[in-house]
Amino acid sequence: NCLPPKPISVKNCNVKAKCQIVYREWSACSVTCGRGIQTREIACQNLNVAGSGTELLDLTACAPVANRASLDNVWLSSRQECQMPSCFEYVSNAWEVCSSLCGPGGYQKRRVQCRPIDGGEVVNDNNCDGVPPASRRPCEEKPLCHIDYGLWS
């Protein structure tokens, strides 16, 4: 498909040439995780062209020389920050055996750590998004404890 991308917004210019500033769609984020940048093309569309009026000009053609400062604001809208999911995730080990062999009150524990998604060393939990998984839980029902005291003497 050789057609230019469809503009998502248009801003009219008040200059001698009939034109409008055309904003294209935002690009994908520059990173797959963490904070990145999105960009979009901004162009000047010449409306004086007979027919479809799709000729794109340099953006400076849409502003008179005396009003170049207004272009600075337009250029600022050609980049924006994007926030992707964290580059870190919680990783948890298997649950340990119950702290009690029988009766109520036992618990199980496991290690929960924040690590980079591509492996690597443990980092501070502040780097991971959300609430960490539980590192301690009550044990499932255990049989009642039976104590064999032996025979009376």
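The model is predicted: local features need pLDDT of at least 70, side-chain atom pairs count only at pLDDT 80 or more, and totals for chains, interfaces and linings use all residues. Residues are numbered from 1 along each chain as its sequence is written, and side-chain values use heavy atoms, with hydrogens and water left out.

**Exercise 1. State which elements the chain has and in what order they run.**

Step 1. Helices (H or I, at least four residues) and strands (E, at least two) are DSSP runs, numbered from the N terminus. The chain has 1 helix and 10 strands.

Step 2. From the N terminus, the order is β-β-β-β-β-α-β-β-β-β-β.

Step 3. Of the 153 residues, 26% are buried; buried means under 20% relative accessible area, exposed over 50%, partly exposed in between (1.4 Å probe, protein chains only).

**Exercise 2. Describe the disulfide of Cys33 and Cys87.**

Step 1. A disulfide is a pair of cysteine sulfur atoms within 2.5 Å. The structure holds 4 of them, and the sulfur atoms of Cys33 and Cys87 lie 2.2 Å apart.

Step 2. The link of Cys33 and Cys87 is right-handed, with 100° about the S-S bond. This pair links distant parts of the chain, 54 residues apart: Cys33 is in the loop between strand E2 (19–23) and strand E3 (35–39), and Cys87 is in the loop between strand E6 (79–83) and strand E7 (88–92).

Step 3. Is Cys33 buried or exposed? Cys33 has a relative accessible area of 17%, so Cys33 is buried. Cys87, at 24%, is partly exposed.

**Exercise 3. Describe the disulfide of Cys114 and Cys128.**

Step 1. The two sulfur atoms of Cys114 and Cys128 are 2.1 Å apart.

Step 2. The torsion about the S-S bond of Cys114 and Cys128 is about 100°, so the disulfide is right-handed. Cys114 lies in strand E9 and Cys128 in the loop between E9 and E10, so the pair ties together parts 14 residues apart in sequence.

Step 3. Cys114 counts as buried because its relative accessibility is 0%. Cys128 also counts as buried, at 7%.

**Exercise 4. Locate Asn127 and list what Asn127 touches.**

Step 1. Asn127 sits in the loop between strand E9 (112–116) and strand E10 (136–138).

Step 2. Asn127 has a relative accessible area of 34%, so Asn127 is partly exposed.

Step 3. Contact means heavy atoms within 4.5 Å. Leaving aside residues up to four places away in sequence, Asn127 touches Ser86, Phe88 and Cys114.

Step 4. Ser86 is 41 residues from Asn127 along the chain, and their C-alpha atoms are separated by 7.6 Å.
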